[in-house]
Each structure stands twice: as structure tokens, then as C-alpha cells.
Amino acid sequence: IFISVVHCHCSKCYSVPARKRVRKRTPALTLLSLPEEVLLCVLQCLSAEDLLSVRAVHSQLRDIVDNHSSVWARVSFRDTWPSPNTLWLFERAAEKGNFEAAVKLGIAYLYNEGPLLSDEGRADVCGRKASHFFSMAESLRSPLADPFIWVFIRPPWSPTGSCCKAVVFDRLKAECDSNVQKRGPLLHCLARVLQLFEEDERRSDAISMLEQSSQAGCLQSSYLLWEHNRKAAMADPGRYLQCVRTLRDYAGKGCWEAQLSLAKVCSSGNPLGLESKACSDLVAQLFSLSNSASRPCTQGILRRGIKDTMSYISKEILTIREAVWLTDNTYKYEDLVRMMGEVVSVLEGKIRSPTLLDYGEVLLSLLPLERRTTHLFSYICELSLLYTALATPPPAKLACAALLLTRALHHYAPLWPSQLFDYTGFSKQDLVSLAVLLYVKCFSQDVPKDYRHVSLTGVKQRFEDEAYQHISKEKVMDFKELCQILEIPEVEPQMEPPSPTGQAADIHTFLASPSSTSKRQVTKFPVTTH
């Protein structure tokens with residue numbers, strides 16, 4: 001008898017072998033997995049130290065770094081200074097088009113800060129090296145920047161013995177004869193240097209250099225020649241009209257100094273015969289450029305951590321040793337030399353741009369004030385430079401707010417005429433809050449102090465002079481009366497602008513660590529031969 005057995009499908013009596021799932025391994029992603037154009041973007045953002053480390057990882061990375069000039073041109077040397085071990089690295093980057101490396105090398109050789117050359121023939125050797133890298137930096141500067149290397153070789157020059165600045169000057173002058181492409185900006189810089197000497201012969205040579213520089217296509221030299229010939233042209237109406245037309249051409253080509261001068265000419269008259277609206281639109285465009293253009297991020301970087309105690313007002317040309325003395329030896333000579341390199345590098349050579357004092361001159365030519373009121377306006381403008389809270393607004397708007405406050409303090413009516421609105425584009429409502437902040441900052445009892453807690457009274461003392469009609473001694477109306485004149489509630493504005501991150505801004509390590517207590521560290525790289 002056969003008995004059939006029926007099996008159930010439980011796990012004990014019936015099972016089907018499970019299929020094994022094979023997991024595919026995800027390939028590891030590395031820098032070499034990236035497309036080359038993406039990899040180049042990554043490498044261009046590295047510091048010099050990190051670039052060398054990446055270069056040593058793989059032969060393919062080494063080839064990419066060595067064969068692409070764009071990597072060396074954009075590598076960062078922030079907080080790094082040339083030293084005997086790193087000169088080759090700075091020089092390689094500079095030759096590949098790195099502006100920061102060229103600037104720092106020029107300054108390092110000019111002041112013999114870093115390379116550690118022997119004293120024998122130092123001025124000649126350093127001068128030759130400095131002129132080479134300054135010339136290179138001049139050709140690599142931002143297109144928005146004016147020729148700038150003259151700032152480093154301006155007088156005073158050493159009265160005894162060999163002078164490195166003089167060697168740089170002579171070398172750059174010789175280069176002008178051999179390098180046609182660099183002739184325009186280099187001659188401009190040499191002329192700016194000669195203009196600072198008192199001898200008539202050197203100033204005459206400066207004009208000759210400006211003429212040659214202008215012929216070579218340097219717009220800034222053309223404008224300086226226009227300034228030089230302006231007074232002579234004003235005596236002849238026909239010649240003056242041609243002079244203004246030339247100025248308009250320079251302004252149209254992007255020379256900001258010419259734009260300011262043209263605005264002043266159009267504000268005080270109408271030599272070009274323009275319609276009134278066209279004239280006002282021309283001036284308003286200048287103010288709108290300052291207001292609408294975003295503030296360069298470089299200014300934010302430099303301003304980060306800067307406090308009122310770090311501000312100081314002086315119009316004298318300081319030597320580095322005098323600047324060190326002003327800090328009460330908080331910083332050493334080499335600290336200031338290196339910081340010059342950091343600042344110029346971050347600004348990409350753009351060391352001069354329109355300030356509220358420049359816009360203030362345009363406003364005064366637009367609607368002249370009484371002499372005493374003019375002194376008050378100048379006093380408020382210069383006081384504002386002591387406060388970091390007033391460094392954020394665009395300079396054109398700050399100048400207009402200072403004018404509104406000045407007119408209010410001296411009871412001008414109307415407070416903000418329609419002419420000012422037409423020519424600046426700012427209404428009274430646009431400026432009131434900033435004018436109140438100016439009042440609170442400039443006329444409060446809390447006088448700004450330096451890091452030694454010594455009151456900064458230089459501006460006040462200067463405007464106590466008879467030449468300014470003792471304007472800083474004038475009694476200022478109280479806050480309540482000012483609010484009534486401005487027709488606003490009696491509420492004081494926020495004293496300090498909030499940090500963009502919501503946290504207190506950091507003070508740069510360099511500024512927070514005086515060299516008197518600790519030596520500045522030089523970033524070290526592996527020593528490599530060429």
C-alpha cells in the first residue's frame with residue numbers, strides 16, 4: 001500500500017534556497033574623478049601651501065598643476081610672506097601672473113623684509129628685484145585700478161648713501177625705453193613720484209613724463225594734464241569749452257576723477273549748453289553709481305574687526321618707522337611692511353576710490369553754503385571718518401546725509417531743496433536716519449579713543465583754528481530740537497550696525513596678536529629646487 005504524503009509549505013518541510021544578492025561596490029570618488037575643468041576650479045581656490053600638498057599626492061595632479069598657468073595665477077598667499085625657503089614659490093607664481101605674489105615680492109625686496117640679502121650692494125640688488133616685480137604687478141593689477149606702484153617709491157628718499165627707492169625709479173625709467181606696452185602706466189607712476197618733490201626741475205620733468213604717458217594711452221595721465229592746463233584755459237571761453245569737452249571724453253572712458261570734475265563743472269554751471277534735465281541727470285548718475293553698486297567684498301574683508309580705537313586722522317606722508325611709533329611699538333617695522341602687502345593684494349591695486357569728501361566737493365559746487373556752514377560741513381565729514389559704524393553706507397549717500405545734517409543745524413530752509421533731489425537722486429526721507437546717526441556719533445560726549453584710551457581730538461583741535469572760524473567750538477542744538485526740524489520721532493538710532501553673521505566680527509589674527517608679545521609666524525613650505 002502506497003501512502004502519499006503531502007508536504008505543507010511551512011519552513012520546516014519546504015524551503016527554497018534564497019538567492020544571494022550581490023552588492024556592487026560604488027567606485028571611490030577622488031579629485032582625479034572630476035572633469036579637468038572642475039578640478040582646475042578647485043585647485044585655483046587653494047592656498048599655496050595646500051596646492052603644494054595636493055601636487056605631491058599624484059603624478060597626474062602634479063602635471064595638471066605644473067602645466068596650467070591659471071592655477072598659479074590664482075593661488076592664494078594670504079597671511080604668507082616671502083622667505084628664503086619660499087622665494088621660489090612666490091617667484092614662480094608671479095611669473096605665471098599672480099598679482100599677490102608680485103606685489104609681496106616687490107615690497108619684500110624694496111624693504112629687504114624676508115629675502116635676507118647681505119648688506120653688500122643691498123640697495124642695488126634689492127632695487128633691481130623690486131623694480132622687476134613692481135613692474136610685473138603693475139601689468140597684473142585690476143582693470144578698475146589706477147597705476148599704483150608710485151606709492152611705494154614716493155619720497156622721502158634716503159639723503160645719504162644708496163637708496164633702494166631711487167634704484168627702483170631708475171630701473172623703471174630704463175624699462176620705459178625698452179618696453180612699449182608698459183610705457184604708459186610706468187611713466188605715469190614715475191611722474192607721480194616727481195610731482196611730490198619740491199624742485200621745479202623735477203616737477204617740469206613730471207609734466208613731460210605725463211605727456212609721454214598720455215601719448216602711450218594712459219587715461220589717468222591725460223586727466224592729470226587736463227588738471228594742469230585747466231586754469232590757463234579758463235581765461236578763454238572758446239578754449240575752456242574745448243577743455244570741458246575733453247573732460248567729458250575722459251569721463252566717458254571711465255576715469256572716475258574726470259567724472260567727479262565733470263559733475264562739479266555741470267553743478268556750478270552749464271558750459272556744454274545741455275538742457276537742465278540732462279545736466280542734472282549727468283550728476284545724478286555719478287551719485288547713483290556709488291549708491292547702487294554693491295560694496296566690494298574686499299572692503300568688508302579689510303573692515304572686519306576694525307574698531308573706532310584703530311582710527312587715526314593725519315594728512316602727512318608717514319614713513320614706516322613713524323607709523324610704527326604711532327602704534328606705540330605695538331607692531332614692529334616688519335609687521336607694517338607685511339600688512340601693506342596684504343592690503344594692496346586684497347584691493348587688487350585699487351588703493352584710491354571716491355570718498356565722501358570727493359562727493360562733498362560736488363555738493364558744495366552744486367549749492368554753495370555760507371562760509372561758516374561750509375566749515376561745519378567739512379567738520380562733520382572728517383569726524384565721520386573716525387567711526388566704523390559710518391564706513392558701511394555708500395560715500396555719496398553719507399556725503400548727502402552730512403549735508404542734510406549741516407543744513408538742519410544751521411536752520412537752512414528748505415531743508416532739502418528740489419535741486420538737491422534732482423542732482424543727487426536722494427530724497428530727504430532717504431537720508432534722515434543716516435543724518436541722525438551722524439549727529440549721534442559726531443556730537444555725542446563719548447569721544448572716540450585709541451587703543452590706549454586716549455581721546456582722538458585731532459579733528460576737533462584743527463577746526464578750532466581761526467581759519468575754520470572756530471567751528472568745532474560752536475554749540476550744537478540738542479537732539480530733541482534736531483528731531484523737530486527733521487520732523488521725525490525722538491528715537492535714537494542703533495549705535496552699531498549688526499554683524500552679517502549675527503555674531504561679533506572676528507579681529508584678524510594679525511591685528512589681534514601684537515608682535516611685542518609674540519613673533520609673527522612665517523608659513524613654511526617644503527624646500528624644493530626649481
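**The whole chain**

Display the entire model as a cartoon, bearing in mind that it is predicted. The protein has 26 helices and 0 strands. Of its 530 residues, 42% are buried. If a surface is drawn, its accessible area comes to about 29800 Å², with 52% belonging to carbon and sulfur atoms. Among contacts with a separation of 6 or more, 70% are between residues 24 or more positions apart.

**The nonpolar core**

Next, select L43, F287, L405, L409, L438 and F443. These are the residues with the most contacts inside the largest nonpolar core, which has 144 residues. Helix α21 (residues 395-409) supplies the largest share of this core, namely 11 residues. In soluble globular proteins, nonpolar side chains tend to be buried together.

Centre the view on L43. Apart from neighbours within four places in sequence, L43 is in contact with L51, V54, I64, V65 and V71.

**A nonpolar patch on the surface**

Now select L31, L34, V38 and V42, which form a nonpolar patch on the surface. Together these four residues have about 250 Å² of accessible area. V38 belongs to helix α1 (residues 36-44). Is V38 buried or partly exposed? Its relative accessible area is 36%, so V38 counts as partly exposed.

Move to helix α5, where A94 is found. A94 has a relative accessibility of 2% and therefore counts as buried. Show its surroundings: leaving aside neighbours within four places in sequence, A94 is in contact with A101, A102, L105, F133, M136 and L140. Select A73 as well; its C-alpha atom is 7.2 Å from that of A94, although the two residues are 21 residues apart along the chain.

R92 forms a salt bridge with D66, with 3.3 Å between the closest N and O atoms. This pair links distant parts of the chain, with R92 in helix α5 (residues 87-95) and D66 in helix α3 (residues 59-67), 26 residues apart. R92 is partly exposed, its relative accessible area being 26%.

**Further salt bridges**

The count of salt bridges in the model comes to 17. Select R338 and E113, whose side chains meet in a salt bridge at 2.8 Å, N to O. R338 lies in helix α18 (residues 333-347) and E113 in the loop between α6 (99-110) and α7 (122-140), so that the pair links parts of the chain 225 residues apart. Are these two partners buried or exposed? R338, at 10% relative accessibility, counts as buried. E113 is also buried, with a relative accessible area of 13%.

Then select E474 and R372, which form a salt bridge with the closest N and O atoms 3.0 Å apart. Because E474 lies in the loop between α24 (458-462) and α25, and R372 in helix α20 (residues 371-384), the pair ties together parts that are 102 residues apart in sequence. Both residues are partly exposed: E474 has a relative accessible area of 24%, and R372 has a relative accessibility of 30%. To see salt bridges that share partners, select R55, D66 and R92, which are joined into one network.

**Aromatic pairs**

The structure holds 15 aromatic pairs. Select Y223 and W226: their ring centres are 5.8 Å apart and their planes are at 20 degrees, so the pair is stacked. Both residues lie in helix α12 (residues 219-233), and because they are 3 residues apart, about one helical turn separates them. Y223 and W226 are both buried.

Continue to Y439 and F479, an aromatic pair that is tilted, with 5.9 Å centre to centre and 35 degrees between the planes. Y439 lies in helix α23 (residues 428-442) and F479 in helix α25 (residues 479-486), so the pair ties together parts that are 40 residues apart in sequence. Y439 and F479 are both buried.

Notes: Residues numbered from 1 in each chain as written. Predicted model: local features only at pLDDT ≥ 70, side-chain atom pairs only at ≥ 80, totals over all residues. Heavy atoms only, no water. Patch = residues over 30% accessible without salt bridge, like charges linked within 9 Å, V, L, I, M, F, W, Y side chains within 5 Å. Areas by Shrake-Rupley, 256 points an atom, 1.4 Å probe, with all protein chains shown as cover. Helix = DSSP H or I, 4+ residues; strand = E, 2+ residues; numbered from the N terminus. Buried < 20%, exposed > 50% of the residue type's maximum accessible area, 1.4 Å probe, protein only. Core = buried A, V, L, I, M, F, W, Y, C linked by side-chain atoms within 4.5 Å. Contact = heavy atoms within 4.5 Å. Phe/Tyr/Trp six-rings, centres within 6.5 Å; stacked < 30°, edge-to-face > 60°.
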